[in-house]
Amino acid sequence: MSLLCAAGIGAVSGLRSFSGPAFVKDSTVLKVLAAGELIADKLPFIPNRTETPSLVFRAASGAFCGYTICGKRASSATRWFAAMVGATAAVASAYGGFEYRRRVKLPPLLAALLEDAVAVGTGRAVISAIGR
C-alpha cells in the first residue's frame, strides 16, 4: 500500500509541485506555496512543466513525498525505493498533465481547474489511505 501511496503522491507533485509536499507535511508555508502555484499555473508566462528546471524540481518533490509517506516504520531500502517511485510518478504525471492541457478540447482555464481538482482529490485520497 505504501508504494501505491508513494506513486499517488508523486503524481500529485508532478501536476502541482508544491501540492504533494503540502499534503505530506503539515506546514503553513507549503500550503501557501501550493495555493500560489494553483494560481500561477494559469498565467501565460509560466514555463512549461516539462522544461528541465521544473521537471527536476517536480521529480525531487515526488521523491521527497514518496520517501516521507512511507513512514518511519518502513525500512531504509523501502523508503528509498518509495522515493524513486514518487519521482518516477512525478515525471510521468508532469508529462501526462502537459499533454492533457495541450490536447484537451476545453477552454484553458477550465482544463487547468480540472487538473487542479485531480491533484487535490488524489492528494486527499492518498492522505486518507494512510490514515492521516
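**Stop one: the pocket lining**

By class, the largest pocket is lined by 12 nonpolar, three polar and eight charged residues. Here Ala, Val, Leu, Ile, Met, Phe, Trp, Tyr, Cys and Pro count as nonpolar, Asp, Glu, Lys and Arg as charged, and the others, Gly among them, as polar. This is a predicted model, where local features need pLDDT of at least 70, side-chain atom pairs count only at pLDDT 80 or more, and totals for chains, interfaces and linings use all residues. Residues are numbered from 1 along each chain as its sequence is written, and side-chain values use heavy atoms, leaving out hydrogens and water.

Now select Asp-41, Ile-46, Pro-47, Arg-49 and Arg-101: of the 23 lining residues, these lie nearest the pocket's centre. Next, colour α6, which gives the largest share of the lining, four residues. (Helices are DSSP runs of H or I, at least four residues, numbered from the N terminus.)

**Stop two: α4 and Ile-69**

Go back to Ile-69, one of the buried residues of α4 (buried means under 20% relative accessible area with a 1.4 Å probe, protein chains only). Beyond its neighbours within four places in sequence, Ile-69 is in contact (heavy atoms within 4.5 Å) with residues including Ser-2, Cys-5, Val-24 and Ile-130.

Technical notes:
On a 1 Å grid over the protein atoms alone, a cavity is a set of points where a 1.4 Å probe fits but cannot get out, and a pocket is an open set with protein on both sides within 12 Å along at least five of seven lines; lining residues have an atom within 4 Å of a point. Helices (H or I, at least four residues) and strands (E, at least two) are DSSP runs, numbered from the N terminus. Buried means under 20% relative accessible area, exposed over 50%, partly exposed in between (1.4 Å probe, protein chains only).
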